[in-house]
Amino acid sequence: MKVISSQLDIDRRRSLKEDGFVVLRNAVPPNILRKARKLISELMPTRERRLLAPPELATDPRILNLFYGGNVDKVLSDLMGPYPPVISCQVAVTPAHDNLADTVGVHIDGGWSGELPRSTKEINPKTHRPKDPVKYFGIDDQKRGSNDGLLWMDPDRRISTGSYTALVGVCLSDQSVPGNGQFGVMKGLHEDVEAFFQRQRDAESIIGPEGQGWPRIQIDSSGRPFANGLPDDIRLIGAQLKESNPVIPNWVWRELTPVLMEPGDAVIALHSLPHTATPNMGPDPRINVYFRVRRLREANPHEGSRRIGHGVSDHPDRGYFGQFLDYPDSYDPWQTSIEKLCDHWSEWDGMAGEI
Ligand SMILES: [Fe+2]
């Protein structure tokens, strides 16, 4: 029999369906939070911004207990169904008084970002790739991004975006007031993103960047190339949120909804929900620990392998470090991922039916 506290009530399931995310209050007990926070402050400087945490921190049982020790695992299992063990995570610290270098880079997880040419002259205007791709993408596009992202998921280059089912963020610092480095989301745009992937699929396009409607590299307002984390259509819809979202005091990114949390709360978001870290104007470091969870794919022989880095990886059809894995002829991991990107609720067993 299910414990009632491990189930979201119908109203919160509806929020998840409509908004693409939901917040669990008090999902992690204080003693687990305390131990995790102590370890992070010992092993990771909170005065500087680092995208990737030391591996020994990301895999420490005291950190993974943020997922398993409270309600997060139980609620997620109820919402999604089974998934392989979570063995790692992303420890995300935004130092105090950090403006993220004025960049709020809204994106869908699974893309490559890293060093790019500084001038548009070095970008091929047709392919939206560097004119000298080997320099930036490596031989055969095999260079990992500074975010550990990969340029392609499959050797045949049918799909260029990684994916999973749910992004879970556990809050370890006070984020109840806007401007304290909140996880910011384009609320409700998960369904638009799913529809975008369906259009790419129906056009027999590459799925992801370099496919229809999604240039790999875009140019920012100051004329600088950047790794483009959003399809053109989604960027346009997001811009409309600047007019329609409510005005929030001390919050200038109106297209984004700040996810307000207190220590011990957790947010569950669909992979397809566009999101970003936001600047931290506050006096304390912003600390969140993110888990990327993919529902079990029963036919996949690599489910549960540590090589995948389940929990931290946003590209679980390849090894975490970019290894191509061997798959039997009977299982096409990339086609499976394309089908899930185009039907994201099919990975949420507990969200079926009248919600
Ligand atoms: Fe992200």
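This presentation describes the fold of one protein chain, from its overall dimensions down to single residues.

Colleagues, the structure before you is a predicted model, in which local features need pLDDT of at least 70, side-chain atom pairs count only at pLDDT 80 or more, and totals for chains, interfaces and linings use all residues. Residues are numbered from 1 along each chain as its sequence is written.

I begin with the whole protein. Its secondary structure comes to 9 helices and 12 strands; these are DSSP runs numbered from the N terminus, helices being H or I of at least four residues and strands E of at least two. The radius of gyration is 19 Å, close to the 20 Å that the globule rule gives for 355 residues, so the protein is as compact as a globular protein of that length. That radius is taken over C-alpha atoms, and the rule is 2.2 Å times the number of residues to the power 0.38. Along the principal axes, the C-alpha trace spans about 55 × 50 × 40 Å.

Buried residues make up 42% of the 355 residues. A residue is called buried if 20 or more other C-beta atoms lie within 10 Å of its own, exposed if 12 or fewer, and partly exposed in between, with C-beta atoms placed from the backbone. Of the contacts between residues at least 6 apart in sequence, 77% join residues at least 24 apart; a contact requires C-beta atoms, placed from the backbone, within 7 Å.

Five strands form an open sheet in the order 1-10-5-12-2, with antiparallel pairing; two strands pair if DSSP finds at least two bridges between them. At its edges are strand 1 (21–24) and strand 2 (90–94), each of which pairs on one side only. Neighbouring strands of this sheet are turned by 20° against each other on average, direction ignored. Such angles run from 0 to 180 degrees between N-to-C directions, with axes fitted to C-alpha atoms, for helices over the stretch in contact.

Which residues of strand 5 are covered on each face? On one side they are Ala166, Val168 and Val170, on the other Leu167, Gly169 and Cys171, and all are buried. In a regular strand the side chains alternate between the two faces of the sheet. Strand 5 is joined to strand 10 by 5 bridges and to strand 12 by 6 bridges, antiparallel in both cases. Leucine 167 stands opposite alanine 269 in strand 10, while cysteine 171 stands opposite asparagine 288 in strand 12. Strand 10 (residues 266–270) also pairs with strand 1, over 4 antiparallel bridges, where valine 22 stands opposite isoleucine 268.

A further open sheet has 3 strands in the order 9-6-11, again with antiparallel pairing. Strand 9 (257–258) and strand 11 (275–277) stand at its edges with a single partner strand each, so one side of each is left without a neighbour in the sheet.

Helix 5 (residues 72–80) lies across strands 1, 5, 10 and 12, running at about 160° to strand 5. Its buried residues are Val72, Asp73, Val75, Leu76, Leu79 and Met80. Seen down the helix axis, these fall within an arc of 165°, so they line one face of helix 5; the arc is that of the directions from the helix axis to the C-beta atoms. Just after this helix, glycine 81 takes a positive phi of about 100°.

The largest nonpolar core has 76 residues, and those with the most contacts inside it are Val72, Val168, Ala266 and Ile268. Such a core is a set of buried Ala, Val, Leu, Ile, Met, Phe, Trp, Tyr and Cys residues joined through C-beta atoms within 7 Å. Leaving out residues up to four places away in sequence, isoleucine 268 touches Leu16, Phe21, Val22, Leu24, Leu76, Ala166 and Val168. Valine 267 lies in strand 10 and counts as buried because it has 25 C-beta neighbours inside 10 Å. Among its contacts beyond four places in sequence are Phe21, Val23, Gly169 and Phe183.

Finally, two loop residues. Arginine 157, between helix 6 (133–137) and strand 5, has a positive phi of about 55° although it is not a glycine. With 15 C-beta neighbours inside 10 Å, arginine 157 counts as partly exposed. Asparagine 250, between helix 8 (232–244) and strand 9, likewise has a positive phi, of about 60°. Asparagine 250 counts as exposed, with 10 C-beta neighbours inside 10 Å.

Conventions: Contact = placed C-beta atoms within 7 Å.
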